Amino acid sequence: MLRLALRQSTSRYNRLEPTTRLPAAFFRPDSPHQNFRDQRRRFRRILHPPSVKSTLVQRPHQAHDLSPSAFMSMASGGDGPSAPPHRHTNRLANERSPYLLQHAHNPVDWYPWGQQAFDKAKKEDKPIFLSVGYSTCHWCHVMERESFEDDEIGKILSENFVCIKLDREERPDVDKVYMTFVQATSGGGGWPMSVWLTPDLRPFIGGTYFPPRDQGRRPGFKTVLTRIMDQWQNNRLALESSGERIMDALKKGTAVSANPGSSPPRASDVTNRCLQQLISSYEEEYGGFRDAPKFPTPVNLMFLMTYWCVNRSTSDGAEALQMALHTLRMMALGGIHDHVAQGFHRYSTDSSWHVPHFEKMLYDQAQLAVAYITASQVSGEELFSDVAKDILLYVSRDLSDESGGFYSAEDADSVPASGGPEKREGAFCVWTASEVRELLPDVVEGATGSATQADVFMHHYGVKVQGNVAPEQDPHGELQGQNVLIVRYSAELTAAHFGISVEKVDELLASARARLAEVRKHRPRPHLDSKMLASWNGLMLSAYARVGAALGDKFLLERAVQAGNFLKKHLWDAEQKTILRSCYRGDEMEVQQISPPISGFLDDYAFVTGGLLDLYEATLETEWLQWAEELQLRQDELFWDEHGGGYFCSDPNDNTVLLQLKEDQDGAEPSANSVSASNLLRLSHYSGKQEWLHRCERLLAAFSDRLSMAPIALPEMVRALMAQHYTLKQIVICGQRDSPDTTSLLTAVNSLFLPHKVLMLIDKDGDGFLSQRLPVLSSMCQKGGVATAYVCQDFTCSLPVTDPQELRRLLLDGFSQTEAQKN
């Protein structure tokens, strides 16, 4: 029950504005013990919540010319002109994390997470103040500016605490432990996260953002620090015992395990419940799953399209597909989609996808590119493939390193083009009506009323003289008079309004976007987090591979291979057989590593392995399949729970991580256990290893309670459960690599969304890697000297097929019949 209660708030802290929550009695100097009683009572309510209903509410344009040069160009990055000399410098100046470097000149004696800080806390017997965030976090910037740059607060922190700064993206294992504590004791969470620990790393008080001074009944950061100092001196035993009891309860309450011999839950029950839970939270007018704020939630959309694939002839299947396609279409038209410089912002602050939080995250681009190309495969609509290419154009241009890796994020805040020292959210992206009129003054020949190009553009994208952002969507007044572009009319309606052709409208809008994009290049850019994470690079590898394969785009496939090579060169220690968590862009654009490097976590292994499997299916080069097998074996060694099944998120032997968690929510990123379940299934079919199939079943069994009660929390794992239930098809193509007949068969396969399949190429001139693992493949050959396809399932293969259209029909018809039989 604790786990369910914790997840009630998990979706709410998905990079949203944090709220400060601490026990009110903690700030009553006349009642030093009352705060702990209040905290325990609140914690008991979390352990035994009255309802789990809130668990069901989840948080969290035109085509462009895509030339090879556009896709292979790399981001230049940069944060604007150099700053004046700093008054303070602390030891974070020696770090490589962009987030830690942002705090290197605070008047706070910051330490990075590590033994040096732990030893100091023990030696001086001081509490630890742990501050966790990430470099593109808006409220992290606010708290730094208000509190960590304040000399008085800096002095209090440095003299009375051992202060540790942690980049949650570098150390997700540490972040998850203390976020779990903050959620359990306060009922909410977010970043920046502020937690106070004993010298042995046990938390006793936690919260999120604090204003610097008291605001009415809301305690300021200085007050919080003063009270904690007093409690540490006068009430320490109660502090420590309270924290210890909570952590002990969390260890029990967050456990995920399967009883010996237990089986996964019934797939049909779980999938139907997941669909109904999504339907109950679906917002019909604009799509998405809640009113506001709205997150893209690609995991939900992929589940819905997978559900349709196995229920095509049912009304539920049709509804699932409609929900997914409508959501993707409305997002593509909305302001969350950057119509000028491509890519998607983090989330929408309103229900119509109009005003976004302007941060751009790599993991969003990766998952959305896959969702959009999947929508293109199931619907045939060109809009969706255009958006998938649009996303990858943005990533290639703005988030790509020369080494082949991908950067983590772009900030929401930047300095306005008009100048001034203060950054504003969205300044890089928004437009005034006068700017648009000045940039697009030409009269459109043949348009009614001597309309200009600006008139057409402003009508189509909802640009208003007074700005198009409602005051309630702009609480800090940063967007007054500004416009966030959102498609208000179809090209046909805009053409009719101005009495011109649709082709003319498309031409005008494309040239206008190009003009605005050129102007944007000269604005101060948002901060670029140039950290390169293995896990997010694995997700992006999947995106390039899957979109490239679906479109038959060699440039996208080349970029995918480049990403695979980057991961192997810079984030894989071949000698230790260990994935490394991160690497960094140096001052000379070289790739740098810290010493010692951070070892990879479960999501690094799972996401990279999944990316390699997608890269193999896109290129059919067995080196990627070989490495995927090697990574899976190493993941099994490091993270598998032999007793309870499933994988721990981090190394269970790391004694500085107090909770061994198994992430049980697919949120902004899919959980690593969900991805691992799919990886194990796919690898079992490529290798013939039954051990991986059994391991997948044990993993799914370990999450049975979660899957049965609230499958909406794990839609990606529900997809894996469906694949395990229906079993995977093995599509085997026998033919010469790169020959036209082989390519035609592969194109037929890649044009379809087939969620429960593995694709193989048997080239008699190849290395025989697959045939050595799957002896049955040696009996398959070309018929009549031309490329031939075999479709196999449950140890039975179809008759050989040489015609691409016949293969397509076989895959569609055979898929539907098999799924219907197993439903």
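Visitor: Is the link of Cys-792 and Cys-797 right-handed or left-handed?

Guide: The link of Cys-792 and Cys-797 is right-handed, with 105° about the S-S bond. Please note that this is a predicted model.

Visitor: How far apart are the sulfur atoms of Cys-792 and Cys-797?

Guide: The sulfur atoms of Cys-792 and Cys-797 lie 2.0 Å apart in the disulfide. The cut-off for calling such a pair a disulfide is 2.5 Å.

Visitor: And Cys-792, buried or exposed?

Guide: Cys-792 has 4% relative accessibility, so it counts as buried. The cut-off for buried is under 20%, and exposed means over 50%.

Visitor: How many disulfides does a search of the whole structure find?

Guide: The search finds two disulfides. Besides the link of Cys-792 and Cys-797, there is a disulfide between Cys-137 and Cys-140, with an S to S distance of 2.3 Å.

Visitor: Why is the disulfide of Cys-137 and Cys-140 right-handed?

Guide: The torsion about its S-S bond is about 80°, and therefore the disulfide of Cys-137 and Cys-140 is right-handed.

Visitor: What pattern do the disulfides of the chain follow?

Guide: Counting the bonded cysteines along the chain, the pattern is 1-2, 3-4.

Visitor: What about Cys-274, buried or exposed?

Guide: Cys-274 is buried, and its relative accessible area is 0%. Cys-583 is likewise classed as buried, at 1% relative accessibility.

Visitor: Changing topic: how much space lies in the largest cavity?

Guide: The largest cavity holds about 850 Å³ of space.

Visitor: Which residues are the closest to its centre?

Guide: Val-370, Arg-546, Asp-614, Arg-682 and Arg-719 are the closest to the centre, out of 42 residues that line the largest cavity.

Visitor: Which elements give two or more residues to the lining of the largest cavity?

Guide: The helices that do so are H12 (298–310), H14 (362–379), H20 (534–551), H22 (602–619), H24 (672–687), H27 (715–726) and H28 (740–750), and they are joined by strand E19 (757–762).

Visitor: By class, what does the lining of the largest cavity have?

Guide: The lining of the largest cavity has 24 nonpolar residues, eleven polar residues and seven charged residues.

Definitions and conventions: Residues are numbered from 1 along each chain as its sequence is written. This is a predicted model: local features need pLDDT of at least 70, side-chain atom pairs count only at pLDDT 80 or more; totals for chains, interfaces and linings use all residues. Side-chain values use heavy atoms; hydrogens and water are left out. On a 1 Å grid over the protein atoms alone, a cavity is a set of points where a 1.4 Å probe fits but cannot get out, and a pocket is an open set with protein on both sides within 12 Å along at least five of seven lines; lining residues have an atom within 4 Å of a point. Grid points are joined across faces, edges and corners, and a volume is the space filled by probe spheres set on the points. Helices (H or I, at least four residues) and strands (E, at least two) are DSSP runs, numbered from the N terminus. Ala, Val, Leu, Ile, Met, Phe, Trp, Tyr, Cys and Pro count as nonpolar, Asp, Glu, Lys and Arg as charged, and the others, Gly among them, as polar. Buried means under 20% relative accessible area, exposed over 50%, partly exposed in between (1.4 Å probe, protein chains only).
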